[in-house]
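Have it open beside you as you read.

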Amino acid sequence: MSSKTISMTLDEKLLAELDELCQETERKRSSLIANAIRAYFEELSDMREAYKRFHDPKEKPISESELKARLDLPD
């Protein structure tokens, strides 16, 4: 996969937090930022799917206990 360089602006506090995390994890800024963007897009995709299902008249809501049973989770 090819990469492109971009420019972005962060407030000083967020940049300091990012740099601290870079030191702790021994990772580059670009790696952490790319991972954060990927995670955000995955979460956004999940939220869109949940919204779509919530508003679909064919989808029936299930109870918490039914969900736990389907996922084989303890009550």
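**Notes on the model**

1. You will find Leu73 in the segment after helix H3 (64-70); helices here are DSSP runs of H or I with at least four residues, numbered from the N terminus.

2. A word on the source: this is a predicted model, in which local features need pLDDT of at least 70 and side-chain atom pairs count only at pLDDT 80 or more, while totals for chains, interfaces and linings use all residues. Residues are numbered from 1 along each chain as its sequence is written, and side-chain values use heavy atoms, leaving out hydrogens and water.

3. Now look at Leu32, which sits in helix H2 (residues 29-54). Leu32 counts as buried because its relative accessibility is 13%. Its contacts (heavy atoms within 4.5 Å) include Leu18, Leu21, Cys22, Thr25 and Arg27, leaving aside residues up to four places away in sequence. Between the C-alpha atoms of Leu32 and Leu18 there is a separation of 8.0 Å, though the two are 14 residues apart along the chain.

4. Helix H1 covers residues 12-25, and its 14 residues reach 20 Å from first C-alpha to last. That is close to the expected 20 Å, the expected span being 1.5 Å times one less than the number of residues.

5. Finally, just after H1, Glu26 takes a positive phi of about 55°.

Note on methods: Helix = DSSP H or I, 4+ residues; strand = E, 2+ residues; numbered from the N terminus. Buried < 20%, exposed > 50% of the residue type's maximum accessible area, 1.4 Å probe, protein only.
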